[in-house]
Amino acid sequence: MLDIFAKPLGILLKFIYDLCSKAGLDGDYMSAYAISIIITTIIFKLIILPLTIKQTKSMENMQVIQPKLQELQKKYKSNPQKLNEETMKLYKEYSVNPFGGCLPLLIQFPILLAYIRVVRDPVKYVFGSKQLFESIHKGFLWIIDISKTPTAVIGNQTNDLEIAGVVIPVIAILSALTTFLYSKYTMNQQMANASGGNNQAQSTQKAMMYTMPIMFLFFGYTYPVGFTLYWTVSNVFSIVQQFVIKKNTKKDSDEIKISKNKITKKKSK
């Protein structure tokens, strides 16, 4: 099933690798293989960018209508059916999709699993030849070989930094750190948009904010560095992307507030 995503991903990686290699980008500290993973990650993030923008706008608009939602909850607290109807009308009026945040995640999840499969077996999915794969340079900055785990021993050296005989999986730590920063940023937005200050929802969001970095620290320690590189680049791109989108959608939300206030004033007159 995952081959549906893994095979096209492998083909794209090979195509970008060939371009980088022919362009002379296969350097000592930044291999064409590492660059191809970074570029492929950015391509996928750009593909789902329209969905992410729509999701962020919907979240901002949700913030705008919170007072109105609370009014409806008070007004129709004894009539759940009417409350649901009026809430749906309000969502439609302000172009809010309460489930819009799930779609980008649903799209990214199979890509995440496909990356794991591809970097674990690049010979099958990317290069098609063990001899070819073993002959290419696979370094990235201080990492000797991104096709192996941070703790792998290559020759007489460890794949990640080693201090006083202890391997420090820096790439795994960076993965966990960027996961925490991105989770904190997005969770704060989601908690601000939670209807009626749902304490249970906020507790769940906070728990995820701390458990996800631990999970990806483990992944970064046990999986090939190529996957961790993908995840770290994805997080950094998402943080910058969300900052830019939020800045722009905030202006749109302010315009919505102003226009709705003007309409309300006209009606009251």
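Good morning, colleagues. I begin at valine 240, which lies in helix H11, the helix that runs over residues 225–268. Please keep in mind that the model I am presenting is predicted.

Valine 240 belongs to a nonpolar patch on the surface. The patch is formed by Val236, Val240, Phe243 and Val244, and together these residues have about 360 Å² of accessible area.

Let me turn to the chain as a whole. Its secondary structure consists of 11 helices and four strands. Of the 269 residues, 40% are buried. The chain exposes about 15,400 Å², and 63% of that area is supplied by carbon and sulfur atoms. As for contacts between residues at least 6 apart in sequence, 72% join residues at least 24 apart.

I now move to helix H1, which covers residues 3–22. From the first C-alpha to the last, this helix of 20 residues reaches 28 Å, close to the 28 Å expected at 1.5 Å a residue.

Which residues of H1 are buried? They are Ala6, Leu9, Gly10, Leu13, Ile16, Tyr17 and Cys20. These residues lie on the same side of H1, because they cover an arc of only 140° around the axis. And what does the face turned away from that buried side carry? There we find the exposed residues Ile4, Ile11, Phe15 and Lys22.

Finally, just after H1, glycine 24 takes a positive phi of about 75°.

Thank you for your attention.

Note on methods. Residues are numbered from 1 along each chain as its sequence is written. This is a predicted model: local features need pLDDT of at least 70, side-chain atom pairs count only at pLDDT 80 or more; totals for chains, interfaces and linings use all residues. Side-chain values use heavy atoms; hydrogens and water are left out. Patches are made of residues with over 30% relative accessible area and no salt bridge: like charges are joined within 9 Å, nonpolar side chains (Val, Leu, Ile, Met, Phe, Trp, Tyr) within 5 Å. Accessible areas come from the Shrake-Rupley method with a 1.4 Å probe; for residues, only the protein chains shown count as cover. A salt bridge is a side-chain nitrogen of Lys or Arg within 4 Å of a carboxyl oxygen of Asp or Glu. Helices (H or I, at least four residues) and strands (E, at least two) are DSSP runs, numbered from the N terminus. Buried means under 20% relative accessible area, exposed over 50%, partly exposed in between (1.4 Å probe, protein chains only). Contact means heavy atoms within 4.5 Å. The expected span of a helix is 1.5 Å times one less than its number of residues. The arc is that of the directions from the helix axis to the C-beta atoms.
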